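Let's take a friendly walk through a protein fold, one feature at a time. Keep the structure open beside you as you read.

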Amino acid sequence: PAVLDGFVGLYRKAYQKLGLFGSEHCIGDRAEQDYTGKVLVLSPDTLKESYWSQENQLWYAHDGFGCSPTVRCTCLGDGEMTRWNRDEFIGVLDEKFLPEWAQEKLAELTAPQQEESAMGEMKLE
């Protein structure tokens, strides 16, 4: 038991050093939220251990029928676009925990949408 406790302790320390996001970094009740247009935290349980990082956890949700049951999203870390099941996310990241690198990526992803919105508001005379 002592060896196992030692191993578990080492594992926990290594896991904590990764600085992964958890439910304490999320806002609202994930069961009742519309994920569209939000930054989501992907559960590390969904990823292979070699991909356990904040860069692989943060995804920008585009759509997916109210983002339920599947979510079409883009990884803020590498720009990959894919679909995940809604239950594979921990929740919506609280903006105060959004790292600077992720803010830049998010601005790149949402900039075309902002331009389209502005163009849609133009009036022709």
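## A glycine on the outside

Gly-28 has a relative accessible area of 65%, so it is exposed; here buried means under 20% relative accessible area, exposed over 50%, and partly exposed in between, with a 1.4 Å probe and protein chains only. You will find Gly-28 in the loop between E1 and E2. Its C-alpha atom is separated by 9.0 Å from that of Asp-94, although the two residues are 66 apart along the chain.

A word on where this comes from: this is a predicted model, in which local features need pLDDT of at least 70, side-chain atom pairs count only at pLDDT 80 or more, and totals for chains, interfaces and linings use all residues. Residues are numbered from 1 along each chain as its sequence is written, and side-chain values use heavy atoms, with hydrogens and water left out.

## The overall plan

The protein has three helices and six strands. Helices (H or I, at least four residues) and strands (E, at least two) are DSSP runs, numbered from the N terminus. Of the 125 residues, 34% count as buried.

Two strands pair if DSSP finds at least two bridges between them. In general, strands of a sheet pair through backbone hydrogen bonds, either parallel or antiparallel.

Let's move across the sheet. E2 and E6 run antiparallel and are joined by three bridges; Phe-89 in E6 is the bridge partner of Leu-42, and Gly-91 in E6 stands opposite Val-41. Both faces of E2 are covered, with Val-39 and Val-41 buried on one side and Leu-40 and Leu-42 buried on the other. E2 also pairs with E3 in the antiparallel sense over three bridges, and Leu-40 stands opposite Trp-59 in E3.

Five of the six residues of E3 are buried, so this strand is largely enclosed by the rest of the structure. Four bridges join E3 to E4 in an antiparallel arrangement, where Asp-63 stands opposite Arg-72 in E4. Arg-72 also has a bridge partner in E5, namely Arg-83. E4 (residues 70-75) and E5 run antiparallel, joined by five bridges. The hairpin of these two strands has five residues between them, and there Gly-79 takes a positive phi near 80 degrees.

## Two aromatic pairs

A pair of aromatic rings is described by the distance of the centres and the angle of the planes. Rings of Phe, Tyr and Trp (its six-membered ring) pair if their centres lie within 6.5 Å; planes under 30 degrees apart count as stacked, over 60 as edge-to-face and the rest as tilted. A search of the whole structure finds two such pairs. Tyr-35 and Phe-89 form an edge-to-face pair, 6.2 Å centre to centre with 85 degrees between the planes. This pair links distant parts of the chain, 54 residues apart: Tyr-35 is in the loop between strand E1 (26-27) and strand E2 (39-42), and Phe-89 is in strand E6 (residues 89-93). Tyr-35 and Phe-89 are both buried.

Why does the pair of Trp-59 and Trp-84 count as edge-to-face? Their ring centres are 5.6 Å apart and their planes stand at 80 degrees, so the pair is edge-to-face. Trp-59 lies in strand E3 (residues 58-63) and Trp-84 in strand E5 (residues 81-85), so the pair ties together parts that are 25 residues apart in sequence. Trp-59 counts as buried because its relative accessibility is 3%, and Trp-84 counts as buried at 18%.

## A charge over a ring

Look at Tyr-35 again. The charged end of Arg-86 sits over the Tyr-35 ring, 4.0 Å from its centre. A charge sits over a ring if NZ of Lys or CZ of Arg is within 6 Å of the ring centre and within 35 degrees of the ring normal.
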